[in-house]
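This briefing is meant for a reader who is meeting the structure for the first time.

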Amino acid sequence: EWCWVFMDGFWVVTMAFSLPLAPSSTKLSQTRPPSSVLGLETLSSSLGVLAINFLFLVIGLAALFSQDWYQCRKWTKGSVANSIVIGDNYESTVIFVISGAQFVTSAMAFNFGYKYRAPWMMNHRFVALICVFAVIHFTTILLPSKLSCFFRVNCEGDDVLRGAAEPRRLPIQNPWHTTVMPVEFRYVLLVLVITNAIATMSWERIVVLGPVGQWVRSRFPQTVPLDL
């Protein structure tokens, strides 16, 4: 499936190459960067974003399960031998839409820069990639098109494109021959994706790096300030 190939391949690889291109901070910090993988700041940052992302994924699936139109279009258990056949369902669509955006928004949250390097906003290559990914993702969510059919999301059976592991065009493999979602639910997913991004970046910028984190570090210092 191109959606998972695109997520695990293009998104992760391009971000891995673009994120290190952020310039260093213009001022030398008076504190050392966190040195412990299991330190309070590192754990609160990673586990906090992980918990927020998991919460929004659960909310997205709960929103899907509560839809009236979905009640007659649930995925029914069958053979799981062919991943192409079982991938055309609304559960996979919601997981791809929300978790795919989380790859990018988490990279943004973890790269504010803070004291030791310039924020991701100054990394022009990364900003360009964010813009491209946002256009692709929002178009896939909102508009049934060739682009959405490339990911087999919001797609009618006759409009599918050739898959990553298939030499031919494979129709939508569900009893309804479509993965198109109602317009109202598309906007629900869009709101969830945007709110998820705001929540993760707020957690990192306000709680971990901001006033909350500064107060915790002042009460429980873990590093000795450099004598500059």
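Arg 152 is buried, with a relative accessible area of 7%, and this value, like the others below, comes from a predicted model. The residue sits in the loop that runs between α6 (146-150) and α7 (183-208), and its backbone has a positive phi of about 60 degrees although Arg 152 is not a glycine. The points below begin with that loop, then turn to the cysteines and to a pair of packed helices.

- Most residues other than glycine have a negative phi.
- Against that background, Arg 152 has a positive phi of about 60 degrees, and His 177, which is likewise not a glycine, has a positive phi near 55 degrees.
- His 177 is also placed in the loop between α6 and α7, but with 49% relative accessibility His 177 counts as partly exposed, whereas Arg 152 is buried at 7%.

**Cysteines**

- The count for this model comes to one disulfide, which joins Cys 149 to Cys 155 with a distance from S to S of 2.1 Å.
- The link of Cys 149 and Cys 155 is right-handed, with 100 degrees about the S-S bond.
- Cys 149 is buried, having a relative accessible area of 3%, and Cys 155 also counts as buried, with a relative accessibility of 0%.
- Cys 72 counts as exposed because its relative accessibility of 57% lies over the 50% cut-off, while Cys 131, at 44%, counts as partly exposed.

**Packing of α4 against α5**

- Helix α4 (residues 90-109) packs with helix α5 (residues 124-142) at an angle of about 165 degrees, and their axes are 11 Å apart.
- Because angles over 145 degrees count as roughly antiparallel, α4 and α5 are described as roughly antiparallel to each other.
- The crossing in which α4 passes α5 is left-handed.
- On the α4 side, the contact is made by Phe 96, Val 97, Gly 100, Ala 101, Val 104, Ala 107 and Met 108, and on the α5 side by Phe 126, Ile 130, Phe 133, His 137 and Ile 141.
- Sorted by class, the residues in the contact of α4 with α5 comprise 10 nonpolar and two polar ones, with no charged residues.

Conventions: Residues numbered from 1 in each chain as written. Predicted model: local features only at pLDDT ≥ 70, side-chain atom pairs only at ≥ 80, totals over all residues. Heavy atoms only, no water. Disulfide = S-S within 2.5 Å. Buried < 20%, exposed > 50% of the residue type's maximum accessible area, 1.4 Å probe, protein only. Axes fitted to C-alpha atoms, helices over the stretch in contact; angles between N-to-C directions. Helix = DSSP H or I, 4+ residues; strand = E, 2+ residues; numbered from the N terminus. Parallel < 35°, antiparallel > 145°, perpendicular 65-115°, else oblique. Left-handed = near helix turned anticlockwise from the far one by under 90°. Contact = heavy atoms within 4.5 Å. Nonpolar A, V, L, I, M, F, W, Y, C, P; charged D, E, K, R; others polar.
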